[in-house]
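Me: I have a model open and would like to go through it with you. Could you take my questions one at a time?

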Amino acid sequence: RLDILDLLLDVDSTNTYLFKRAGDHMGKRYAVLAEKQVAGRGRRGRQWVSPFGKNIYLSLLASFSGGISSLEGLSLMTAIAVERALVRLGIEGAGLKWPNDVYAGGKKLAGILLEVTGEYSSHCQVVIGIGLNLSLSEEDARDIEQPWAELRSLKPDLSRNEVAGILLDELLQAVDSFQKEGFAPWQQYWSERDIFHHKEVRIIGGHHERLGVVKGVNRKGELLLQTERGMETINAGEISVRPA
Ligand code: BTN
């Protein structure tokens, strides 16, 4: 179910757009797609490069019963929605990188930014933002600080409208599933597609750096890391995972 869909030529950020409208659309599912963002935002205050007419910039406003803790795993669920959309489009070889990136060939294809717009007694309201690279010129990509991938080089004959439609459909299904059962049923699905599953990684940020082997995720979507001190649980926070 979707209540409202706005299609915009340009916008500061699709997440900001819904953030401003959140109070007037309590309990509704409100999606927005833009051709261009002039102030696209990434995690950790980074910018998200958002040139006109090429990629997908999608945000969805949705409500979830329970407090903020009931949102645990939603960012992983969103990455799963992107991965499922790619499979439906016939694109092989995309993988998930904890906590919420989609990778292809070791490079980032899509990023997700979740922002809580309000916490109320019985529910909370969230903006789920997805940026999916379809095609980026060298010039567009100049400002991207990490290795990036684009869908067109994985499958040249894609229709952007079809990609957008399928992505929105998978996102709505993921939200339905998460509202009913949370992240728990998806733990194994995640691990099977995690690019670092059973691999040694370095955790950067948080209180201290850690080395360990990825052993899956728990029902809250936290990363399980086998370290020399035993099994540790890592929350998303301001942390990033790199190959060891
Ligand atoms: C990341 O840093 O990996 C998250 C990137 C999220 C980008 C998307 S594009 C649509 C939505 N609007 C924004 O300003 N950001 C998200």
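Me: Which residues are closest to the ligand, and how many surround it?
Reply: Residues are numbered from 1 along each chain as its sequence is written. This is a predicted model, in which local features need pLDDT of at least 70 and side-chain atom pairs count only at pLDDT 80 or more, while totals for chains, interfaces and linings use all residues. The ligand is surrounded by 20 residues, and the closest are S13, G42, G111, G129 and G131; a residue is near the ligand if its C-beta atom, placed from the backbone, lies within 6 Å of it.

Me: Which helices and strands each supply at least two residues of that shell?
Reply: They are α1 (14–21), β3, β6 (107–119) and β7 (123–132), where helices (H or I, at least four residues) and strands (E, at least two) are DSSP runs, numbered from the N terminus.

Me: Switching to α1, which of its residues are buried?
Reply: T14, N15, Y17 and L18 are buried in α1, buried meaning that 20 or more other C-beta atoms lie within 10 Å of the residue's own, with exposed at 12 or fewer and partly exposed in between, and C-beta atoms placed from the backbone.

Me: Why do they line one face of the helix?
Reply: Seen down the axis of α1, the buried residues fall within an arc of 160°, so they line one face; the arc is that of the directions from the helix axis to the C-beta atoms.

Me: And S65, is that buried or exposed?
Reply: S65, which sits in strand β3 (residues 56–65), counts as exposed because it has 10 C-beta neighbours inside 10 Å.
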